[in-house]
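Biologist: Can we go through this model together? I'd like to start with the ligand and then move on to the charged pairs.

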Amino acid sequence: MVVKNICCLGAGYVGGPTCSVIALKCPEIKVTVVDKSKERIAQWNSDKLPIYEPGLDEVVKACRGKNLFFSHDCNAAILEADLIFISVNTPTKTFGNGKGRAPDLKFVEGAARMIADVAQSNKIVVEKSTVPVNAAESIMKILKANQRPGVSYQILSNPEFLAEGTAINDLLNADRVLIGGEESPAGEAAIEELCQIYEHWIPRKRILTTNTWSSELSKLAANAMLAQRISSINSLSAVCEATGADIAEVARAVGLDSRIGPKFLQASIGFGGSCFQKDILNLVYICECLNLPQQAAYWQSVIDMNEHQKHRFTAKVIESLLNTVSGKKICILGFAFKKNTGDTRESAAIYVAKTLLDEGASISIYDPKVENSQIHEDLKYVGITPEHIESHLSIFKDAYSATKDCHAIILCTEWDEFVTLDYEAIYDQMMKPAYIFDGRKILDHNNLLRIGFHVETIGSRLGQPFKNRRYSTSPQAL
Ligand code: NAD
Ligand code: UDX
(Lines give C-alpha, C1' and ligand atoms only; values in the text may rest on other atoms or scores of the structure.)
(Ligands and ions follow the chains in the order given, each with its own letter.)
Protein backbone atom coordinates (compact mmCIF):
# COMPACT_ATOMS: atom_id res chain seq x y z
CA MET A 1 0.00 0.00 0.00
CA VAL A 2 1.21 3.53 -0.72
CA VAL A 3 -0.40 6.05 1.61
CA LYS A 4 -2.58 8.45 -0.39
CA ASN A 5 -4.97 9.54 2.29
CA ILE A 6 -4.24 10.57 5.88
CA CYS A 7 -6.71 11.35 8.64
CA CYS A 8 -5.74 12.93 11.95
CA LEU A 9 -8.06 12.59 14.95
CA GLY A 10 -7.54 15.71 17.08
CA ALA A 11 -7.03 19.22 15.68
CA GLY A 12 -5.06 20.60 18.62
CA TYR A 13 -1.57 22.00 19.15
CA VAL A 14 -0.04 18.83 17.73
CA GLY A 15 -2.54 17.51 15.17
CA GLY A 16 -3.05 20.88 13.45
CA PRO A 17 0.58 21.94 12.89
CA THR A 18 1.90 18.40 12.26
CA CYS A 19 -0.64 17.60 9.58
CA SER A 20 -0.33 21.05 8.00
CA VAL A 21 3.39 20.42 7.53
CA ILE A 22 2.75 16.90 6.18
CA ALA A 23 0.29 18.41 3.67
CA LEU A 24 2.85 21.06 2.69
CA LYS A 25 5.60 18.54 2.11
CA CYS A 26 3.48 15.76 0.55
CA PRO A 27 1.28 17.49 -2.03
CA GLU A 28 0.16 14.16 -3.49
CA ILE A 29 -1.36 13.05 -0.16
CA LYS A 30 -4.81 14.21 0.97
CA VAL A 31 -4.67 15.14 4.66
CA THR A 32 -7.88 15.60 6.65
CA VAL A 33 -7.68 16.82 10.24
CA VAL A 34 -10.83 16.12 12.21
CA ASP A 35 -11.99 17.04 15.68
CA LYS A 36 -15.13 16.34 17.62
CA SER A 37 -15.22 20.05 18.51
CA LYS A 38 -17.14 21.84 15.75
CA GLU A 39 -15.97 25.17 17.10
CA ARG A 40 -12.29 24.22 16.81
CA ILE A 41 -12.77 23.02 13.24
CA ALA A 42 -14.62 26.22 12.32
CA GLN A 43 -11.61 28.18 13.63
CA TRP A 44 -9.18 26.06 11.57
CA ASN A 45 -11.30 26.92 8.53
CA SER A 46 -11.31 30.65 9.34
CA ASP A 47 -8.75 33.46 9.06
CA LYS A 48 -8.07 33.29 12.82
CA LEU A 49 -6.65 29.86 13.57
CA PRO A 50 -7.41 28.40 17.01
CA ILE A 51 -3.74 28.42 18.01
CA TYR A 52 -1.00 30.98 17.60
CA GLU A 53 2.18 29.46 16.24
CA PRO A 54 4.75 31.44 14.21
CA GLY A 55 4.69 30.35 10.54
CA LEU A 56 1.52 28.27 10.89
CA ASP A 57 -0.81 30.71 9.09
CA GLU A 58 1.39 30.63 5.99
CA VAL A 59 1.54 26.81 5.88
CA VAL A 60 -2.23 26.47 6.36
CA LYS A 61 -2.93 29.13 3.72
CA ALA A 62 -0.69 27.34 1.23
CA CYS A 63 -2.46 23.96 1.59
CA ARG A 64 -5.98 24.44 2.95
CA GLY A 65 -8.60 23.48 0.36
CA LYS A 66 -5.92 21.86 -1.84
CA ASN A 67 -4.70 18.76 -0.02
CA LEU A 68 -5.37 19.90 3.58
CA PHE A 69 -8.88 19.81 4.99
CA PHE A 70 -10.34 20.47 8.45
CA SER A 71 -13.60 18.72 9.19
CA HIS A 72 -15.77 17.50 12.06
CA ASP A 73 -17.01 14.57 10.01
CA CYS A 74 -14.70 12.08 11.73
CA ASN A 75 -16.40 9.02 10.21
CA ALA A 76 -15.99 10.13 6.60
CA ALA A 77 -12.31 10.93 7.16
CA ILE A 78 -11.64 7.58 8.86
CA LEU A 79 -13.43 5.68 6.11
CA GLU A 80 -11.24 7.03 3.30
CA ALA A 81 -7.91 7.11 5.19
CA ASP A 82 -5.05 4.63 4.70
CA LEU A 83 -3.23 6.00 7.73
CA ILE A 84 -4.79 7.56 10.83
CA PHE A 85 -2.95 9.66 13.39
CA ILE A 86 -4.42 9.64 16.89
CA SER A 87 -3.49 13.08 18.20
CA VAL A 88 -6.01 13.56 20.95
CA ASN A 89 -5.39 14.94 24.44
CA THR A 90 -4.08 12.67 27.22
CA PRO A 91 -4.56 14.76 30.38
CA THR A 92 -3.63 13.61 33.89
CA LYS A 93 -6.49 11.76 35.59
CA THR A 94 -8.43 13.89 38.06
CA PHE A 95 -10.34 11.00 39.64
CA GLY A 96 -10.18 7.33 40.54
CA ASN A 97 -7.22 4.99 40.36
CA GLY A 98 -4.00 6.84 39.53
CA LYS A 99 -5.67 10.22 40.19
CA GLY A 100 -3.18 13.09 39.83
CA ARG A 101 -0.57 10.92 38.11
CA ALA A 102 -1.82 8.45 35.52
CA PRO A 103 -2.86 9.83 32.13
CA ASP A 104 -6.54 9.67 31.35
CA LEU A 105 -6.68 7.60 28.19
CA LYS A 106 -10.40 7.99 27.59
CA PHE A 107 -9.85 10.17 24.50
CA VAL A 108 -7.34 7.69 23.02
CA GLU A 109 -9.73 4.86 23.70
CA GLY A 110 -12.61 6.89 22.23
CA ALA A 111 -10.55 7.47 19.08
CA ALA A 112 -9.72 3.75 18.80
CA ARG A 113 -13.40 2.84 19.19
CA MET A 114 -14.35 5.36 16.51
CA ILE A 115 -11.88 3.76 14.11
CA ALA A 116 -13.10 0.25 14.95
CA ASP A 117 -16.74 1.27 14.41
CA VAL A 118 -16.16 2.87 11.05
CA ALA A 119 -13.21 1.23 9.25
CA GLN A 120 -14.01 -0.97 6.26
CA SER A 121 -10.48 -1.32 4.90
CA ASN A 122 -6.96 -1.92 6.27
CA LYS A 123 -5.56 0.95 8.34
CA ILE A 124 -2.24 1.96 9.80
CA VAL A 125 -3.08 3.59 13.12
CA VAL A 126 -0.38 5.90 14.46
CA GLU A 127 -0.17 6.96 18.11
CA LYS A 128 0.90 10.61 17.94
CA SER A 129 -0.46 11.43 21.39
CA THR A 130 1.94 10.95 24.30
CA VAL A 131 0.85 7.75 25.99
CA PRO A 132 2.11 5.35 28.65
CA VAL A 133 4.27 2.40 27.67
CA ASN A 134 1.99 -0.35 26.36
CA ALA A 135 -0.78 1.94 25.12
CA ALA A 136 -0.39 0.55 21.59
CA GLU A 137 -1.31 -2.85 22.96
CA SER A 138 -4.50 -1.45 24.50
CA ILE A 139 -5.43 0.26 21.24
CA MET A 140 -4.84 -2.99 19.37
CA LYS A 141 -7.08 -4.85 21.83
CA ILE A 142 -9.95 -2.47 21.15
CA LEU A 143 -9.46 -2.62 17.39
CA LYS A 144 -9.15 -6.41 17.30
CA ALA A 145 -12.18 -6.96 19.55
CA ASN A 146 -14.30 -4.93 17.12
CA GLN A 147 -12.66 -5.91 13.85
CA ARG A 148 -14.81 -6.37 10.73
CA PRO A 149 -13.98 -9.34 8.50
CA GLY A 150 -11.27 -8.52 5.99
CA VAL A 151 -10.05 -5.41 7.85
CA SER A 152 -6.60 -5.50 9.43
CA TYR A 153 -4.71 -2.97 11.52
CA GLN A 154 -1.12 -2.08 12.26
CA ILE A 155 -0.37 0.19 15.23
CA LEU A 156 2.67 2.45 15.19
CA SER A 157 4.06 4.72 17.85
CA ASN A 158 5.26 8.04 16.42
CA PRO A 159 5.62 10.46 19.34
CA GLU A 160 5.82 14.17 18.59
CA PHE A 161 8.76 16.22 19.86
CA LEU A 162 7.70 19.70 18.70
CA ALA A 163 7.76 22.52 21.23
CA GLU A 164 5.11 25.21 21.16
CA GLY A 165 6.21 28.57 19.80
CA THR A 166 8.68 26.85 17.48
CA ALA A 167 6.43 24.05 16.21
CA ILE A 168 6.72 24.75 12.49
CA ASN A 169 10.49 25.00 12.60
CA ASP A 170 10.69 21.90 14.82
CA LEU A 171 8.54 19.96 12.37
CA LEU A 172 10.44 21.13 9.28
CA ASN A 173 13.85 20.53 10.85
CA ALA A 174 13.21 17.76 13.34
CA ASP A 175 16.31 16.52 15.21
CA ARG A 176 14.84 13.08 14.73
CA VAL A 177 11.58 11.34 13.87
CA LEU A 178 10.88 8.27 15.97
CA ILE A 179 8.75 5.40 14.72
CA GLY A 180 8.04 2.28 16.76
CA GLY A 181 6.17 -0.73 15.46
CA GLU A 182 5.50 -4.41 15.80
CA GLU A 183 8.54 -6.63 15.19
CA SER A 184 6.97 -8.61 12.32
CA PRO A 185 6.97 -8.34 8.51
CA ALA A 186 3.59 -6.55 8.61
CA GLY A 187 4.86 -4.24 11.36
CA GLU A 188 8.00 -3.44 9.39
CA ALA A 189 5.97 -2.74 6.25
CA ALA A 190 3.81 -0.26 8.18
CA ILE A 191 6.91 1.44 9.61
CA GLU A 192 8.25 1.77 6.08
CA GLU A 193 5.01 3.46 4.89
CA LEU A 194 5.33 6.10 7.62
CA CYS A 195 9.07 6.52 6.96
CA GLN A 196 8.27 7.29 3.33
CA ILE A 197 5.95 10.12 4.35
CA TYR A 198 8.61 11.76 6.54
CA GLU A 199 11.31 11.15 3.94
CA HIS A 200 9.64 13.84 1.80
CA TRP A 201 11.65 16.30 3.92
CA ILE A 202 13.55 14.54 6.74
CA PRO A 203 16.80 12.75 5.81
CA ARG A 204 16.52 9.00 6.34
CA LYS A 205 19.37 8.98 8.85
CA ARG A 206 17.29 11.14 11.17
CA ILE A 207 14.34 8.75 11.07
CA LEU A 208 14.79 6.23 13.88
CA THR A 209 12.83 3.01 13.88
CA THR A 210 12.44 0.81 16.91
CA ASN A 211 9.98 -1.40 18.75
CA THR A 212 6.73 0.11 20.01
CA TRP A 213 7.57 0.10 23.72
CA SER A 214 10.97 1.78 23.30
CA SER A 215 9.34 4.45 21.18
CA GLU A 216 6.59 5.12 23.74
CA LEU A 217 9.07 5.28 26.62
CA SER A 218 11.53 7.49 24.70
CA LYS A 219 8.95 10.25 24.52
CA LEU A 220 8.39 10.25 28.29
CA ALA A 221 12.15 9.98 28.85
CA ALA A 222 12.94 12.97 26.61
CA ASN A 223 10.43 15.23 28.37
CA ALA A 224 11.50 14.03 31.81
CA MET A 225 15.17 14.71 31.05
CA LEU A 226 14.46 18.17 29.58
CA ALA A 227 12.39 19.12 32.62
CA GLN A 228 15.03 17.66 34.92
CA ARG A 229 17.60 20.10 33.51
CA ILE A 230 15.31 23.03 34.28
CA SER A 231 14.68 21.81 37.83
CA SER A 232 18.43 21.33 38.28
CA ILE A 233 19.26 24.86 37.18
CA ASN A 234 16.36 26.25 39.20
CA SER A 235 17.58 24.44 42.30
CA LEU A 236 21.02 26.01 41.76
CA SER A 237 19.38 29.42 41.32
CA ALA A 238 18.41 29.32 45.00
CA VAL A 239 22.01 28.53 45.94
CA CYS A 240 23.13 31.51 43.85
CA GLU A 241 20.71 33.86 45.58
CA ALA A 242 21.95 32.66 48.96
CA THR A 243 25.64 33.00 48.12
CA GLY A 244 25.97 35.84 45.63
CA ALA A 245 26.88 33.60 42.70
CA ASP A 246 25.08 34.36 39.43
CA ILE A 247 23.08 31.55 37.84
CA ALA A 248 23.64 32.97 34.33
CA GLU A 249 27.40 32.66 34.86
CA VAL A 250 27.04 29.19 36.32
CA ALA A 251 24.84 28.06 33.40
CA ARG A 252 27.34 29.50 30.91
CA ALA A 253 30.27 27.74 32.53
CA VAL A 254 28.43 24.45 32.91
CA GLY A 255 26.89 24.56 29.42
CA LEU A 256 30.26 24.99 27.73
CA ASP A 257 31.08 21.44 28.75
CA SER A 258 30.29 19.67 25.49
CA ARG A 259 28.96 16.71 27.45
CA ILE A 260 26.33 18.95 29.01
CA GLY A 261 25.63 21.56 26.31
CA PRO A 262 24.04 25.01 26.70
CA LYS A 263 20.35 24.35 25.98
CA PHE A 264 17.61 24.17 28.61
CA LEU A 265 19.70 25.78 31.30
CA GLN A 266 17.69 28.97 31.57
CA ALA A 267 16.70 29.49 35.20
CA SER A 268 13.10 30.62 35.41
CA ILE A 269 9.99 31.08 37.44
CA GLY A 270 9.35 27.36 36.78
CA PHE A 271 8.45 25.32 33.74
CA GLY A 272 4.89 25.21 32.46
CA GLY A 273 3.17 23.82 29.39
CA SER A 274 0.84 20.93 28.81
CA CYS A 275 3.55 18.26 28.60
CA PHE A 276 6.35 18.29 31.17
CA GLN A 277 4.35 17.87 34.36
CA LYS A 278 1.82 15.49 32.82
CA ASP A 279 4.44 13.28 31.21
CA ILE A 280 6.66 13.09 34.30
CA LEU A 281 3.63 12.20 36.41
CA ASN A 282 2.93 9.50 33.86
CA LEU A 283 6.49 8.20 34.26
CA VAL A 284 6.22 8.32 38.06
CA TYR A 285 3.03 6.29 37.86
CA ILE A 286 4.63 3.74 35.55
CA CYS A 287 7.55 3.36 38.00
CA GLU A 288 5.14 2.90 40.90
CA CYS A 289 3.16 0.29 38.99
CA LEU A 290 6.41 -1.55 38.20
CA ASN A 291 7.31 -1.50 41.90
CA LEU A 292 10.23 0.87 41.38
CA PRO A 293 9.66 3.35 44.25
CA GLN A 294 13.13 4.93 44.18
CA GLN A 295 12.81 5.68 40.49
CA ALA A 296 9.32 7.09 41.04
CA ALA A 297 10.66 9.35 43.83
CA TYR A 298 13.55 10.52 41.66
CA TRP A 299 11.28 11.77 38.87
CA GLN A 300 8.70 13.13 41.31
CA SER A 301 11.43 15.37 42.74
CA VAL A 302 11.71 17.14 39.35
CA ILE A 303 8.08 18.23 39.70
CA ASP A 304 8.47 19.04 43.40
CA MET A 305 11.42 21.33 42.64
CA ASN A 306 9.34 23.09 39.98
CA GLU A 307 6.48 23.67 42.41
CA HIS A 308 8.98 24.95 44.95
CA GLN A 309 10.48 27.38 42.42
CA LYS A 310 7.07 28.91 41.65
CA HIS A 311 6.37 29.22 45.36
CA ARG A 312 9.84 30.60 46.17
CA PHE A 313 9.58 33.28 43.48
CA THR A 314 6.10 34.38 44.51
CA ALA A 315 7.07 34.42 48.19
CA LYS A 316 10.02 36.67 47.29
CA VAL A 317 7.65 39.09 45.55
CA ILE A 318 5.42 39.33 48.61
CA GLU A 319 8.32 39.62 51.03
CA SER A 320 9.93 42.38 48.97
CA LEU A 321 6.67 44.32 48.93
CA LEU A 322 6.95 44.69 52.74
CA ASN A 323 5.17 41.40 53.31
CA THR A 324 1.82 42.64 52.18
CA VAL A 325 0.27 43.01 48.76
CA SER A 326 -3.24 43.58 50.07
CA GLY A 327 -4.70 46.64 48.39
CA LYS A 328 -1.67 47.00 46.11
CA LYS A 329 -1.90 46.96 42.33
CA ILE A 330 0.50 44.55 40.65
CA CYS A 331 1.05 44.06 36.96
CA ILE A 332 1.77 40.65 35.47
CA LEU A 333 3.54 40.89 32.11
CA GLY A 334 3.00 37.66 30.18
CA PHE A 335 0.49 34.95 31.00
CA ALA A 336 1.45 32.25 28.45
CA PHE A 337 3.71 29.42 29.65
CA LYS A 338 6.44 30.60 27.24
CA LYS A 339 6.83 33.18 24.48
CA ASN A 340 5.35 32.85 21.00
CA THR A 341 2.29 30.91 22.08
CA GLY A 342 -1.12 31.83 23.43
CA ASP A 343 -1.19 28.58 25.43
CA THR A 344 -1.48 28.96 29.20
CA ARG A 345 -1.65 25.32 30.25
CA GLU A 346 0.29 24.91 33.54
CA SER A 347 1.70 28.42 33.11
CA ALA A 348 3.58 29.64 36.20
CA ALA A 349 1.73 32.96 35.76
CA ILE A 350 -1.49 31.26 36.88
CA TYR A 351 0.14 30.33 40.20
CA VAL A 352 1.53 33.85 40.65
CA ALA A 353 -1.82 35.49 39.84
CA LYS A 354 -3.77 33.17 42.13
CA THR A 355 -1.41 33.71 45.06
CA LEU A 356 -1.52 37.49 44.69
CA LEU A 357 -5.31 37.52 44.40
CA ASP A 358 -5.57 35.28 47.48
CA GLU A 359 -3.35 37.79 49.30
CA GLY A 360 -5.72 40.65 48.44
CA ALA A 361 -3.81 42.33 45.61
CA SER A 362 -5.43 43.82 42.52
CA ILE A 363 -3.75 42.56 39.40
CA SER A 364 -3.49 43.84 35.88
CA ILE A 365 -2.36 41.50 33.14
CA TYR A 366 -1.00 42.01 29.67
CA ASP A 367 -0.04 39.19 27.32
CA PRO A 368 0.33 39.71 23.57
CA LYS A 369 -1.45 36.49 22.58
CA VAL A 370 -3.52 35.07 25.44
CA GLU A 371 -7.27 35.66 25.10
CA ASN A 372 -9.05 37.43 27.99
CA SER A 373 -11.54 34.56 28.28
CA GLN A 374 -8.64 32.13 28.78
CA ILE A 375 -7.25 34.16 31.70
CA HIS A 376 -10.69 34.20 33.33
CA GLU A 377 -11.09 30.46 32.78
CA ASP A 378 -7.63 29.66 34.22
CA LEU A 379 -8.23 31.71 37.35
CA LYS A 380 -11.69 30.23 37.89
CA TYR A 381 -10.17 26.77 37.49
CA VAL A 382 -7.76 27.41 40.38
CA GLY A 383 -10.59 28.54 42.62
CA ILE A 384 -10.84 32.32 42.25
CA THR A 385 -14.52 33.28 42.33
CA PRO A 386 -16.05 35.21 39.40
CA GLU A 387 -16.88 38.07 41.82
CA HIS A 388 -13.25 38.30 42.99
CA ILE A 389 -12.03 38.23 39.39
CA GLU A 390 -14.51 40.96 38.48
CA SER A 391 -13.38 43.24 41.32
CA HIS A 392 -9.61 42.55 41.39
CA LEU A 393 -8.50 41.72 37.84
CA SER A 394 -8.03 43.98 34.83
CA ILE A 395 -6.70 42.81 31.49
CA PHE A 396 -5.01 45.28 29.14
CA LYS A 397 -4.08 45.42 25.48
CA ASP A 398 -0.61 46.89 26.03
CA ALA A 399 2.13 46.95 28.65
CA TYR A 400 1.99 50.71 29.24
CA SER A 401 -1.69 50.76 30.27
CA ALA A 402 -1.22 47.59 32.32
CA THR A 403 1.65 49.01 34.38
CA LYS A 404 0.07 52.43 35.08
CA ASP A 405 -0.28 53.16 38.83
CA CYS A 406 1.13 49.75 39.76
CA HIS A 407 3.39 49.13 42.76
CA ALA A 408 5.19 46.28 41.04
CA ILE A 409 5.68 44.49 37.73
CA ILE A 410 6.17 40.74 37.61
CA LEU A 411 7.54 39.46 34.32
CA CYS A 412 6.27 35.91 33.87
CA THR A 413 6.73 35.23 30.13
CA GLU A 414 9.84 36.04 28.10
CA TRP A 415 8.09 37.80 25.20
CA ASP A 416 10.64 39.73 23.08
CA GLU A 417 8.58 42.91 23.21
CA PHE A 418 9.08 43.14 26.99
CA VAL A 419 12.82 43.66 26.49
CA THR A 420 12.40 46.81 24.41
CA LEU A 421 9.69 48.58 26.41
CA ASP A 422 10.38 52.19 27.46
CA TYR A 423 11.04 51.48 31.12
CA GLU A 424 11.74 55.17 31.90
CA ALA A 425 8.17 55.99 30.84
CA ILE A 426 6.83 52.99 32.75
CA TYR A 427 8.73 54.00 35.89
CA ASP A 428 7.33 57.53 35.74
CA GLN A 429 3.73 56.32 35.82
CA MET A 430 4.17 53.73 38.60
CA MET A 431 3.73 54.06 42.37
CA LYS A 432 7.03 54.52 44.22
CA PRO A 433 9.08 52.67 45.23
CA ALA A 434 8.60 50.86 41.92
CA TYR A 435 9.51 47.16 41.85
CA ILE A 436 10.28 44.82 38.97
CA PHE A 437 10.52 41.06 39.45
CA ASP A 438 12.07 39.52 36.35
CA GLY A 439 11.02 35.86 36.42
CA ARG A 440 12.74 35.18 33.11
CA LYS A 441 16.05 37.03 33.41
CA ILE A 442 15.58 38.83 30.10
CA LEU A 443 15.67 42.50 31.13
CA ASP A 444 18.61 44.88 31.33
CA HIS A 445 18.84 44.98 35.12
CA ASN A 446 21.54 47.63 35.28
CA ASN A 447 19.41 49.96 33.20
CA LEU A 448 16.38 49.32 35.41
CA LEU A 449 18.43 50.01 38.54
CA ARG A 450 19.74 53.20 36.95
CA ILE A 451 16.17 54.33 36.24
CA GLY A 452 15.35 53.83 39.91
CA PHE A 453 13.52 50.50 40.01
CA HIS A 454 13.97 48.04 42.83
CA VAL A 455 14.86 44.94 40.80
CA GLU A 456 14.69 41.30 41.81
CA THR A 457 15.39 38.33 39.59
CA ILE A 458 16.10 34.63 39.79
CA GLY A 459 19.52 33.29 40.62
CA SER A 460 21.37 36.52 41.34
CA ARG A 461 21.30 39.33 43.88
CA LEU A 462 20.84 42.75 42.36
CA GLY A 463 20.32 44.95 45.39
CA GLN A 464 18.85 48.44 45.49
CA PRO A 465 18.59 51.11 42.78
CA PHE A 466 21.88 52.91 42.07
CA LYS A 467 20.74 56.12 43.68
CA ASN A 468 20.21 54.31 46.97
CA ARG A 469 23.64 52.82 46.99
CA ARG A 470 25.80 55.58 45.54
CA TYR A 471 27.57 56.01 48.87
CA SER A 472 28.81 52.44 48.83
CA THR A 473 32.54 52.36 48.43
CA SER A 474 33.41 48.70 48.37
CA PRO A 475 31.79 45.54 47.09
CA GLN A 476 31.51 44.37 50.70
CA ALA A 477 29.43 47.41 51.52
CA LEU A 478 26.84 46.36 48.97
P1 NAD B 1 -5.17 19.50 22.43
O2 NAD B 1 -6.01 19.44 23.63
O3 NAD B 1 -4.71 20.83 21.91
O4 NAD B 1 -5.93 18.78 21.20
C5 NAD B 1 -6.54 17.55 21.29
C6 NAD B 1 -7.81 17.59 20.46
O7 NAD B 1 -8.32 16.27 20.34
C8 NAD B 1 -8.94 18.42 21.06
O9 NAD B 1 -9.29 19.46 20.16
C10 NAD B 1 -10.10 17.42 21.27
O11 NAD B 1 -11.37 17.98 20.99
C12 NAD B 1 -9.74 16.37 20.23
N13 NAD B 1 -10.33 15.05 20.45
C14 NAD B 1 -10.41 14.31 21.59
N15 NAD B 1 -10.97 13.12 21.34
C16 NAD B 1 -11.26 13.09 20.02
C17 NAD B 1 -11.84 12.12 19.16
N18 NAD B 1 -12.22 10.92 19.60
N19 NAD B 1 -11.99 12.43 17.86
C20 NAD B 1 -11.60 13.63 17.38
N21 NAD B 1 -11.04 14.58 18.13
C22 NAD B 1 -10.87 14.31 19.44
O23 NAD B 1 -3.92 18.57 22.71
P24 NAD B 1 -2.42 18.70 22.10
O25 NAD B 1 -1.67 19.72 22.85
O26 NAD B 1 -2.52 18.78 20.62
O27 NAD B 1 -1.83 17.29 22.53
C28 NAD B 1 -2.23 16.09 21.91
C29 NAD B 1 -1.30 14.99 22.33
O30 NAD B 1 0.03 15.26 21.87
C31 NAD B 1 -1.18 14.80 23.85
O32 NAD B 1 -1.03 13.44 24.13
C33 NAD B 1 0.10 15.55 24.18
O34 NAD B 1 0.72 15.03 25.33
C35 NAD B 1 0.95 15.28 22.97
N36 NAD B 1 1.97 16.30 22.69
C37 NAD B 1 1.68 17.62 22.85
C38 NAD B 1 2.65 18.57 22.55
C39 NAD B 1 2.37 20.06 22.71
O40 NAD B 1 3.31 20.83 22.60
N41 NAD B 1 1.15 20.49 22.94
C42 NAD B 1 3.90 18.18 22.08
C43 NAD B 1 4.16 16.82 21.91
C44 NAD B 1 3.18 15.89 22.22
C1 UDX C 1 8.08 20.44 25.54
C2 UDX C 1 9.27 19.73 24.86
O3 UDX C 1 10.34 20.66 24.71
C4 UDX C 1 8.85 19.18 23.50
O5 UDX C 1 9.94 18.44 22.92
C6 UDX C 1 7.67 18.26 23.70
O7 UDX C 1 7.23 17.74 22.46
C8 UDX C 1 6.53 19.00 24.38
O9 UDX C 1 6.99 19.54 25.63
P10 UDX C 1 6.91 22.81 25.28
O11 UDX C 1 6.32 22.47 26.59
O12 UDX C 1 6.02 23.24 24.18
O13 UDX C 1 7.74 21.56 24.72
O14 UDX C 1 8.00 23.97 25.46
P15 UDX C 1 9.49 24.00 26.06
O16 UDX C 1 10.29 24.89 25.20
O17 UDX C 1 10.02 22.67 26.32
O18 UDX C 1 9.28 24.76 27.44
C19 UDX C 1 8.57 24.18 28.52
C20 UDX C 1 8.67 25.09 29.73
O21 UDX C 1 9.99 25.11 30.24
C22 UDX C 1 8.30 26.54 29.45
O23 UDX C 1 7.56 27.06 30.52
C24 UDX C 1 9.66 27.22 29.34
O25 UDX C 1 9.60 28.58 29.63
C26 UDX C 1 10.43 26.45 30.39
N27 UDX C 1 11.89 26.49 30.20
C28 UDX C 1 12.45 25.97 29.07
C29 UDX C 1 12.70 27.00 31.21
O30 UDX C 1 12.21 27.45 32.25
N31 UDX C 1 14.06 26.99 31.03
C32 UDX C 1 14.65 26.48 29.93
O33 UDX C 1 15.89 26.51 29.85
C34 UDX C 1 13.82 25.95 28.90
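Biologist: Where does ligand 1 lie relative to domain 1 and domain 2?
Modeller: Ligand 1 lies between them, because domain 1 (5-202) and domain 2 (235-457) both give residues to the shell around it. Those domain bounds come from an automatic or database domain assignment.

Biologist: Before we go on, what are the ground rules?
Modeller: This is a predicted model, so local features need pLDDT of at least 70 and side-chain atom pairs count only at pLDDT 80 or more, while totals for chains, interfaces and linings use all residues. Residues are numbered from 1 along each chain as its sequence is written, chains are lettered from A and ligands numbered from 1 in the order in which they are written, and side-chain values use heavy atoms, with hydrogens and water left out.

Biologist: OK, which residues come nearest to ligand 1?
Modeller: Of the 24 residues around ligand 1, the nearest are Asp-35, Arg-40, Thr-90, Glu-164 and Lys-278. A residue counts as near if one of its heavy atoms lies within 4 Å of the molecule.

Biologist: How far is an oxygen atom of ligand 1 from the side chain of Asp-35?
Modeller: An oxygen of ligand 1 is 2.6 Å from a side-chain N or O atom of Asp-35. For Arg-345, an oxygen of the ligand is 3.0 Å from an N or O atom in the side chain.

Biologist: How much of ligand 1 does the protein bury?
Modeller: The protein buries 93% of the 840 Å² that ligand 1 exposes when taken alone. Areas come from the Shrake-Rupley method with a 1.4 Å probe.

Biologist: Switching topic: how many salt bridges are there?
Modeller: The count comes to 22, taking a side-chain nitrogen of Lys or Arg within 4 Å of a carboxyl oxygen of Asp or Glu.

Biologist: What about Lys-310, who does it meet?
Modeller: Lys-310 meets Glu-307 in a salt bridge, at 3.1 Å from N to O.

Notes: A polar contact is a pair of N or O atoms within 3.5 Å; within protein, one must be able to donate a hydrogen and the other to accept it, and residues adjacent in sequence count only if both atoms are side-chain atoms.
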